[in-house]
Amino acid sequence: MHMQLLRNDRIVVFDRTDFGPSNLSLPDGNCVNNDCTAHSVMYNVYANTFRPLTVQSDVWCSSGAIMPDGNLVQTGGFKLGERRMRLINPCNDNCDWQEFLNVLAAPRWYASNHILPDGRQIIVGGRKQFNYEFIPKGATANGTFNLPFLSETNDVGAENNLYPFTFLNVDGNLFIFANNRAILLDYVNNIVVKTYPIIPGGDPRSYPSTGSAVLLPLKNLKAATIQAEVLVCGGAPKGSYQQSLKNIFVPALNTCARITITDPNPQWVMETMPMARVMSDMIMLPNGNVLIINGAGSGSAGWEQGRDPVLSPVLYRPDNAIGSRFETQNPTTIPRMYHSTATLLRDGRVLVGGSNPHAFYNFTGVLYPTELSLEAFSPDYLDASFNNLRPTIVAPKSMSSINYRKLITIQVTIPGTVVGSKISVNMVFPSFTTHSFAMNQRLLALGNDKVTAMGNSTYNIDVTTPSSGNLAPSGFYLLYVVHQDIPSQAIWVRLF
C-alpha cells in the first residue's frame, strides 16, 4: 500500500495493520495488539531479501516524505494512528520504526505530504480536514492552517479531494490540485496567490476518483524564468464512486490534462491516452519520460469498486509533439488494482507491488486476489542494444555531497560515439508512493555546461547544481547521466 526507496537501496513497504494476520512473523516473538505478524518490511532490492518491521499503530492510508537527513518521516493513518508520526532511518539489518504519539495537530487520513525548502514537511488535507500543518513544529507553526479550497472541492458523498496532488513550484509556493482544479498557495503567509481553471470537462481526478499526477522535468535551471508544468492523467467521471457502490462500474477517463503552472494566464491542454485508467501510478523515469502503470479501466478506488484491470503500461514522452507522446508498453500478467504501488530504482527499473481491493487479505474466491508479489518493469532504455550509448558514472562516488549553485564535474565512460549536446545530468528525488500518487517526486534536468573527452571512452561533464531549495529541497537524490535518452545507473548524492 505504501512504498519508499531509501538512500541505501532498501525499500520500506507497509500496509494496513487490521487486514488480519500476514504471512510473515514479527521478529523475536513480538506481537502488537495480539497480532504477531508483520505489516511492514524492509526490502533489499539488489540482494532480493526482506525482513519484517514493526509498526505500533495503523498506517492505513497514511503519507510521508524523506527528510534532508535521509530518514523517512511518515504521518497519520487510521484510528490510533491518525495523529502519530513514525520515523525509520536507512540501515542494513537492525533498524525499525520509531513511533511518536500526538505529534500531529489534526487527524490525518488520506493526506499528502511534501518536503519544503526549509527542511520541514507540509501535510495537506485528509479526510474531513480542510487545512494543513507542518512537521517538525516551529514556534509559529504549532497548529493547523485553514485551507478553504479543500472544503470547496469536497463532493458530497464522494469527497474526491483526498490525497491532493501537491508540488513545490519554482517560486517556492505550493501547487495543490484537488478534485478538478488547483491553486498556488503561499504557505508561509497562508495566502492563495493564484487560482487555476477547472480541467475541461470538470470530472474529478483525486481520490476516490483516483487519477495521478506528476510535475514534469524542470529544465533550463539557469534561465531568468523557469517553467514548471504539471500533468494529470486518468481518474473517474463524476458520480463513479457512488455508482460503484451499486455495482455499476463507469468507464474511467482516458484523458490527461497538462498545464504550465508558471504562466501568467495558465490553461489546461487536453490529451488522450491509449486507454482509460483509474488508480494508475505515474513515475518519472531518469530520462524525463513518464511511466503510467497499474490501475483499472472502470469503477473507482475503494473496496471491490474497480473493474477491468489495465495490464499494459504506457510511456508518455513530454517533449514529443502533442498527438505523438503516448506509447503502449508490453503488458504484465498481474492485475494491480486498488492499493498497488510503484517506485523508481537506482538502476532505472520501476518496482511494482501490491493490489488488495478487499477489506481483508483474500487469496481465493474473489475477482482480484490480494497480491503479495513484487515485479519490476524494465523500460526499453535498459535493452542491451543500447549499451554502447549507456554512460557509467566513475566519479564522484555514491553518497558524495554537493552544494547549491556550484560547478561540479561528473566523470563517465561511454563505449560508443558520444553526442555532447545530448548529455544531461538529471537528479531525481525519491517518491513516497501510495494510492496512485508519488509524493515528492521531482526531476531536475541540469543539462551540461561542457563535455570534455579524456581518452579511453572517458568523459568529464561539467554541470551546475540547482540554485536553491525552491528548485530542489535539500536531501538525498538519485543522480543519473543521460546520453541520447539512455540513462546510467544512478549514484546517490546529498544536496545541501
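Trainee: In this predicted model, what makes β21 and β22 a pair of strands?

Mentor: Strand β21 (residues 281-284) is joined to β22 by four bridges, and the two run antiparallel.

Trainee: Which residue in the hairpin of β21 and β22 takes a positive phi?

Mentor: That is Gly288, with a phi near 95 degrees. The hairpin has five residues between its strands.

Trainee: Let's turn to the cysteines. Why is the link between Cys31 and Cys36 called a disulfide?

Mentor: Their sulfur atoms lie 1.9 Å apart. The cut-off is 2.5 Å, so the pair qualifies. The torsion about that S-S bond is about 85 degrees, so this disulfide is right-handed.

Trainee: Are Cys31 and Cys36 buried, exposed or partly exposed, and what makes them so?

Mentor: Cys31 has a relative accessible area of 40%, and Cys36 has 34%. Buried would need under 20% and exposed over 50%, so both cysteines land in between and are called partly exposed.

Trainee: What makes Cys91 and Cys95 a bonded pair, and which hand does the link have?

Mentor: The S to S distance is 1.9 Å, which falls within the 2.5 Å limit, so this is a disulfide as well. Its torsion about the S-S bond is -85 degrees, and the link is left-handed. As for accessibility, Cys91 has 10% and Cys95 has 6%. Those values are under the 20% limit, so both cysteines count as buried.

Trainee: What about Cys233 and Cys256: how do you know that they are joined?

Mentor: Their sulfur atoms are 2.1 Å apart, and that is within 2.5 Å, so they form a disulfide. A torsion of about 110 degrees about the S-S bond makes this disulfide right-handed. The pair links distant parts of the chain, with Cys233 in strand β18 (residues 229-233) and Cys256 in strand β19 (residues 255-260), 23 residues apart. Both cysteines are buried.

Trainee: How many disulfides does the structure hold, and what is the pairing in sequence order?

Mentor: There are three disulfides. With the bonded cysteines numbered in sequence order, the pairing reads 1-2, 3-4, 5-6.

Trainee: And why is Cys61 called buried?

Mentor: Its relative accessibility is 0%.

Trainee: One last topic: what makes β27 and β29 edge strands?

Mentor: Three strands form an open sheet in the order β27-β28-β29, with antiparallel pairing. β27 (340-344) and β29 (374-377) each pair on one side only, which makes them the edges. The twist averages 25 degrees from one strand to the next. Strand β28 (residues 350-354) and β29 are joined by four bridges, and Val352 has Glu375 as its bridge partner in β29.

Note on methods
Residues numbered from 1 in each chain as written. Predicted model: local features only at pLDDT ≥ 70, side-chain atom pairs only at ≥ 80, totals over all residues. Heavy atoms only, no water. Buried < 20%, exposed > 50% of the residue type's maximum accessible area, 1.4 Å probe, protein only. Pairing = 2+ DSSP bridges. Axes fitted to C-alpha atoms, helices over the stretch in contact; angles between N-to-C directions.
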